[in-house]
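Subject: Structure for you to look at

Hello,

Here is the structure I promised to pass on. Please open it beside this email.

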Amino acid sequence: MSSHRTSKPWTLGTSILVGLALQSRAAVGEAGDNHVEVAVDPVVDGAQSTESASEPADEWPLPGPAEAEDTLLRELSLRHYAFCSDPDYVLFKGERRLCRFAKSASARCPAFTVVCAKPASLDREGSLFGEVWAGRSDDESPLSPDPPTWELKVPESLVAVFRIVFFLAVGLSALWLAVYLIRNLRRFDTEKPGKAKPSVPMTLEQAHDPRQTRGVESDVSKLLARAKALAARGDYPAATHDVYAALLRYLDHSELLKLHPSKTNGDYQRALTQHPALRDALRDSVKTVEKSQFGGAPPDEAAFRRSLSLVEPLVTRVLVMLLYLCFGSLVALPLVGCDTSGPSGRTGTADWGALADGSGAGFRVLKTLLEQRGVRVDNHRGRISAMAPDVDAMVIYDRTQLVPSDWENMNRWVTAGHHLVIAGDPRGAAHFGVETGPETCAAPLSPGRAYSGIRRTDAEPYADPATVSGEASSFLLISDEGSDFVPLINCGEQPIALWRPIGLGTLTILADADLLSNASLAAGDNALLFTGALPSPPARMVFAGGLVGAGAGSPLQSLANARLNLVLVQIALLLAALYWAKGAAFAKRRDPETGERREFLEHIEAIGRVFARGRAASHALNLYASWALERLHARIRPGSRLSVIELGAAIAERTGRKQGDVVRVLAEAASSRDRRGQVSDPAEDLRTLKELEQLVIETGGTR
Amino acid sequence: MNVQDFESRFEAICTEVRKVLIGQDDVVEHVLIAICAQGHVLIEGVPGLGKTLLVRTLGHVLNADFRRIQFTPDLMPSDVTGGNIFNQKENEFVFLKGPIFTQLLLADEVNRAPAKTQSALLEAMQERSVTVDGTTRPLPTPYLVIATQNPVENQGTYPLPEAQLDRFLLKLDVLHPTQEAEEQLLHRILRGFDPTSLESAGVTKVASAADILDMQRVVGEVQVDRHIVHYIAEIVGRTRNHSSIYLGASPRASIGILNTARAFAARSGRDYVVPDDVKEFAPAVLRHRLLLHPDAELEGVTANDCIRSILSETPVPKNIA
């Protein structure tokens, strides 16, 4: 018995498969089943099998202990499991917790204890699989993990986006093409007058009020079609106008000119100076249309045909090019589309994620051993509810993002005859009435009431399950006392694995997913223990990690998952409040235009020019002369009134100037007062003003 | 004469004038348009651009009587209109006609004469007649006054009052010719071109006063759609509501735009006016009739800027946009 503890281990995966197969067959009561003997528990009566223990195992050939040990040793010796054999291996931070298995696994992984003895500060970020994925693994090392052997052209997260864009583009293009073909292939019935809508002439008010909605047609092809329809009815003026409008719209859409209510046809023609062909076509069309609009000479059929023959080839060329472009896009899109396939030519997606991880925390050992037993192992992809029909069992490991509705779906799936293993997901366990205990269990593991040992018909029995070693991180509590859960594996007195039938299927809950890890399987008799617990191997088993259920089925759900709903509502309310407070300016305000500032001197000069134009010199002289003459009288002979000549003589005597010059200035100043409103020479006025000022200064200052 | 004849005759006149005047094709056409629209022209340009030569050549080509008056500060009104002179021999007063009695009158540097002398042109331009000492004497037909003024020399000038400015149909800004045109002119001079001798330049008389009257009649027959009328009225109306314009254009401006648009339509060989015709001549008709706010002037806004903004905002009739 004791030899089984160390030398006769079973792989855990094999155990799970066997356990599941036996229990499911026991649940459905299939006759003529396997050779495995299952311990009968009153609780699981529905899952009992009536086969005798002596019947051979024809569907699930279990290896013997020695063979199983050889298999495990051979697997762990591969270079994928560097933690086992490479003392230089540096743990990842997510691996450190698996070191609790190091001592027990030391026989098979001699380097594990050495690796775990290294300081935690040296631990690497990320995961081993992540290093391989990023190409950062050391390929020269004989113990380095194998790089993934399949290609992914684009990250999976973008695959869905590209797929949506692709089909959206295809759908819209197909729709547009269909509409375009139908519209252009449909012939306007000339025998049915009134089918085409005639152009409504604009009223004068409409012509001059661009704010009114006129419902003006702007589609080039529609205008041409309407023109032809009108021509068929004999309304050549309106038809010619539509041809002209089609050409202008085409030029506007091509950004060769810009339509504007204030622009004339001459402006449009001048804008086409660099495009003589277009300009000529427009000129011809304009001539015909203007003659009709303003010349009272509506065009006849010949004029319409000529106009149409000039315009139609120009505008339809663009449409044909657009059509070619569209077809080209439809052809090119698949060529640049995404390769949404996963591993090419491989068994699903098994070579990815935890199933391909050879570190202590990975499940690579489990996957390899399952495949050796003929089980098809895959990573589950997509929504949890999108289960492939050939999947018999699912193992959910790690904490998931599943919601109650997802668990309900899983419940229904299990009831239909499938097997579910929930490992290390407290939320999932809680949905089925099982809680994870807060404490860590470090007692030896032992089989529970639901455990059924596996016995072969050949010689050596397997290890005594009671002597298995290892540690579990936590134990399970059954919240519903009346539930059908039965302890499957105990850690001391507390269960760490529970089992119960649900409908036609079974549910197994493990407290800790690390029990399935490479490090755990390498330790003690963990594999043997679970071999006895799980009877029947499924044909296909999928593994779903912590990210399952993390995706959202809709944008709103995505926002809800990210807890952004409330934030967005608050932002929207804030924007609404700002909009209400600030009005339209909140959304459309522009920086105020700052005018160019001029120098103060420029303003003075401008004012001076304005005054000069207004003949201010004459007025200034008039005003100044009145004051200056009074001052001069007051200074020379206060109280008396001298004549101009007398005053001039007195000033000349005082200042030493020539009397004639002084008298002349005084006379001009006096005469300026008398010729108000008369035309005078501003230069002369200014000169007189300056000379008068000089006299005032010389006779006693400016005051 | 129909519009096609009008077009050909118009082109012929322009071709003859261009033999002498180089690089001023637009000015030539505009002046001829004004003649056909029975309007007067005010030409503003620095000296030496051929303003006098233009009018003299035009008079020669049209075989019309041409007189030139050089306005100076001491020019009296009677120097322009003429006056009654006592004839001792006849023992009576005889009216001696002034230079205003002509078909093509060039009023050179009209802003150099005082307002009193300038006003002597008012009646002639508007009424096509001159009243001296109570006697009104008609002026010959066709009658066109082409006045010039220098935009740079403001000393000793008498700016035309608004009332007189309003009587000019068009105000044309004559700019320096392009370098190519100037080179072409120099080459002509080198080949012996004498601008004072029009016959030596090969300028022939291709029209007469009767032809001008005929062309004016054809212009009068050009039809104008009511939408065009509305367009013109709206443009002029906007000059009275513009934020930078203190005094907008008068109804005389609307008439001016209408007549020039008709003349231009006939020149283009059409007997109907299109919006382009209106837009082509609205600036020349309006720019001298607008009085800007002083603050707008201080900011550098010009009448041309205001007209441009009005035209860019006024919707064109029958526009599909």
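Below are my notes on the interface between the chains, then on a surface patch.

Please keep in mind that this is a predicted model.

The interface comes first. Chain A and chain B bury about 3,000 Å² between them. Of that area, 56% is on carbon and sulfur atoms. Three residues of chain B stand out: B:Leu298, B:Lys318 and B:Ile320 supply 24% of the area that chain B buries against chain A. In residue terms, the contact takes 38 residues from chain A and 33 residues from chain B.

Two salt bridges are counted between chain B and chain A. B:Lys279 forms a salt bridge with A:Asp267, and their closest N and O atoms are 2.6 Å apart.

Which helices of chain B each supply at least two residues of the side that touches chain A? They are H10 (226-239), H12 (275-286), H13 (294-298) and H14 (303-313). The largest share comes from H10(B), with six residues.

Last, the surface patch. A:Leu564, A:Val567, A:Leu568, A:Ile571, A:Leu574, A:Leu575 and A:Leu578 make a nonpolar patch of about 560 Å². A:Leu564 lies in the loop between helix H19 (555-561) and helix H20 (565-582) of chain A. Its relative accessible area is 37%, so A:Leu564 counts as partly exposed. Residues need over 30% to join a patch.

Best wishes

Key: Residues are numbered from 1 along each chain as its sequence is written. Chains are lettered from A and ligands numbered from 1 in the order in which they are written. This is a predicted model: local features need pLDDT of at least 70, side-chain atom pairs count only at pLDDT 80 or more; totals for chains, interfaces and linings use all residues. Side-chain values use heavy atoms; hydrogens and water are left out. Patches are made of residues with over 30% relative accessible area and no salt bridge: like charges are joined within 9 Å, nonpolar side chains (Val, Leu, Ile, Met, Phe, Trp, Tyr) within 5 Å. Accessible areas come from the Shrake-Rupley method with a 1.4 Å probe; for residues, only the protein chains shown count as cover. A salt bridge is a side-chain nitrogen of Lys or Arg within 4 Å of a carboxyl oxygen of Asp or Glu. Helices (H or I, at least four residues) and strands (E, at least two) are DSSP runs, numbered from the N terminus. Buried means under 20% relative accessible area, exposed over 50%, partly exposed in between (1.4 Å probe, protein chains only). Contact means heavy atoms within 4.5 Å. Buried area is the accessible area (1.4 Å probe) that two parts lose on being put together, summed over both.
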